[in-house]
Amino acid sequence: NGQIRLNSSDLSSFYFVYQSAGGLSIGKSGSGILANKNDVVDASKDYYMEIFFGDTAIKAKTYNTTEKLTWDTETTISDHIGSTITVNEYAGPAKIKDVSYRDSTTELLNKVQFNGYFFENYKGAEKLLRTFSQGASFEFETNSTTATLDAVVKTSQIPNIAVSVDGAKPTIIKLTDGSTKLFDNLSATNHKVVVWIDGLYEGDWFWTDPNYGIFIRNITTPSNTYIRKPSDKRKSILIIGDSITEGVNIHGTDGNPDSNSGYNSYSNFMARILNMRPLVHGFGGTGLSVGGSGQVPKYLSSITNYSKDKRVFNETIPDVIVINGGTNDAGNNIPNATFVADYQALINNQRNKYPAAKIILLVPFNGACRLSILALGSSNGLPVIDMSIFSGITTSDGTHPNLSGHSKLAEQLALLLKPLIQ
């Protein structure tokens with residue numbers, strides 16, 4: 001009957017198919033017209049209208065199969081919850097053919113496997129997949145010769161992504177706001193593609209500012225091709241850590257996207273050696289008892305939230321959990337009793353949340369908080385790998401391993417992890 005009543009703020013969008021000679025108008029009872037589209041003149045064509053709902057805005061689009069006609073309106077979403085929106089003929093007969101509800105991230109989640117720190121987040125009126133985790137990745141299969149990543153990029157410095165096709169050495173690409181070509185000129189056969197968030201500037205306030213980050217809208221290929229999730233029987237490994245875990249200053253000392261590399265971090269390198277699915281959770285400056293860069297809080301708070309006031313939900317269940325912390329706690333002179341209490345709280349949290357997962361503690365390669373971590377392993381019956389005995393760990397700045405250092409760290413760590421996780 002042309003009326004739609006909204007009862008839930010969780011609705012991302014709804015869309016409908018219509019035919020019209022004169023267009024449609026969207027309005028709310030008592031508020032008049034919110035938006036209208038009156039230049040639709042071919043009554044034989046199917047047109048599509050979609051209305052998006054965000055935290056603070058509502059936006060509408062109308063388009064057909066050959067040309068995109070857009071018009072936008074914004075108002076406060078709370079004004080529409082529990083009220084009636086009307087869809088009216090504008091200047092001639094109109095026929096609604098089909099009405100459906102759509103979450104704008106559902107299609108993407110169905111065709112692409114995301115590894116690590118991605119979560120649904122509104123950007124304006126669109127519900128997109130957001131990340132600000134260096135070392136997070138996603139992968140898919142396609143028979144297309146080309147593919148494009150459509151994303152909203154809001155960072156102070158242009159981030160890098162690393163794109164690997166069929167296991168080849170990845171190509172580093174600058175990720176810009178809008179459309180970014182992932183690859184081109186491949187053969188029209190099945191390919192496996194992996195994309196890492198390789199380099200971010202760790203000083204951006206991702207945690208507290210919802211406008212910062214990479215917001216993925218879609219991955220597109222030509223219409224006669226497919227994108228699908230790869231068959232993945234690997235076990236998953238969650239690596240909780242700091243800037244070393246996320247790969248800060250592998251290539252330099254500036255902490256910028258070109259100095260950093262999530263792909264080359266020991267965490268991703270180790271997962272590749274072990275043939276495991278990586279779930280990298282590392283943020284610069286953080287520790288068991290201290291928050292760090294970008295206003296990211298201590299480990300327990302950041303592992304249970306995606307960002308400030310946004311709880312973790314529906315995440316990948318890890319088979320193995322590796323905790324690497326202590327460097328920034330020691331650097332900030334955290335009292336031992338505080339460090340031990342916060343570490344124990346994290347162990348308890350992960351045990352309760354993932355009772356089947358194997359938890360392994362690491363002593364940082366620099367030996368920070370070594371005795372406390374060894375004692376925590378003993379009192380909890382958990383294995384501890386002492387990386388302070390590793391050899392050949394060279395650094396770029398005295399603190400962060402360089403490319404060779406991460407490689408040596410990953411190789412020696414994987415060797416000791418393998419018998420513990422089989």
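**Entry 1: the sheet**

I started at Leu 238, which stands opposite Ile 321 in S25. The model is a predicted one, and I read every entry below with that in mind. I then looked up how S21 and S25 pair: the sense is parallel, over four bridges.

Next I traced the whole sheet. I found five strands in an open arrangement, ordered S22-S21-S25-S26-S27, with parallel pairing. S22 and S27 stand at the edges with a single partner strand each, so one side of each has no neighbour in the sheet.

I went through H7, residues 370-380, and listed Ser 372, Ile 373, Leu 376, Gly 377 and Asn 380 as buried. Seen down the axis of H7, these buried residues fall within an arc of 135°, so they line one face of the helix. I recalled the general point that an α-helix has 3.6 residues a turn, so residues three or four places apart point the same way.

On the other side of H7 I found Leu 371, Ser 378 and Ser 379 exposed. I looked up what covers the buried residues of H7, and the cover includes helix H6 (336-353), strand S26 (358-363) and strand S27 (384-386). Just after H7, I noted that Gly 381 takes a positive phi of about 65°.

**Entry 2: H3 and Leu 274**

I turned to H3, residues 266-274, where Tyr 266, Ser 267, Asn 268, Met 270, Ala 271 and Leu 274 are buried. The cover over the buried residues of H3 includes S18, strand S21 (236-241), helix H2 (243-246), strand S22 (277-282), strand S25 (320-324) and helix H8 (403-421). Just after H3, Asn 275 takes a positive phi of about 55°.

I picked out Leu 274 and asked why it counts as buried. Its relative accessible area is 16%, and the cut-off for buried is under 20%, so Leu 274 qualifies. Leaving aside neighbours within four places in sequence, I listed the contacts of Leu 274 as Ala 414, Leu 417, Lys 418 and Ile 421. Leu 274 and Ala 414 are 140 residues apart along the chain, yet their C-alpha atoms are separated by 6.5 Å.

**Entry 3: the nonpolar cores**

I looked at the largest nonpolar core, which has 27 residues. Phe 138, Phe 140, Leu 149, Ile 161, Leu 182, Ile 216 and Ile 219 touch the most other members. I listed the elements that give two or more residues to this core: strands S13 (137-142), S14 (147-154), S15 (160-165), S17 (178-183), S18 (191-199) and S19 (213-220). Which strand gives the most to this core? I found that S14 does, with four residues.

I followed up Ile 161, again leaving aside neighbours within four places in sequence, and its contacts include Leu 149, Leu 182, Val 195 and Trp 196. Last, I noted a second, separate core of 24 residues, with Val 322, Phe 365, Ile 385 and Ala 414 among them.

Notes
Residues numbered from 1 in each chain as written. Predicted model: local features only at pLDDT ≥ 70, side-chain atom pairs only at ≥ 80, totals over all residues. Heavy atoms only, no water. Buried < 20%, exposed > 50% of the residue type's maximum accessible area, 1.4 Å probe, protein only. Arc of directions from axis to C-beta. Contact = heavy atoms within 4.5 Å. Core = buried A, V, L, I, M, F, W, Y, C linked by side-chain atoms within 4.5 Å. Pairing = 2+ DSSP bridges.
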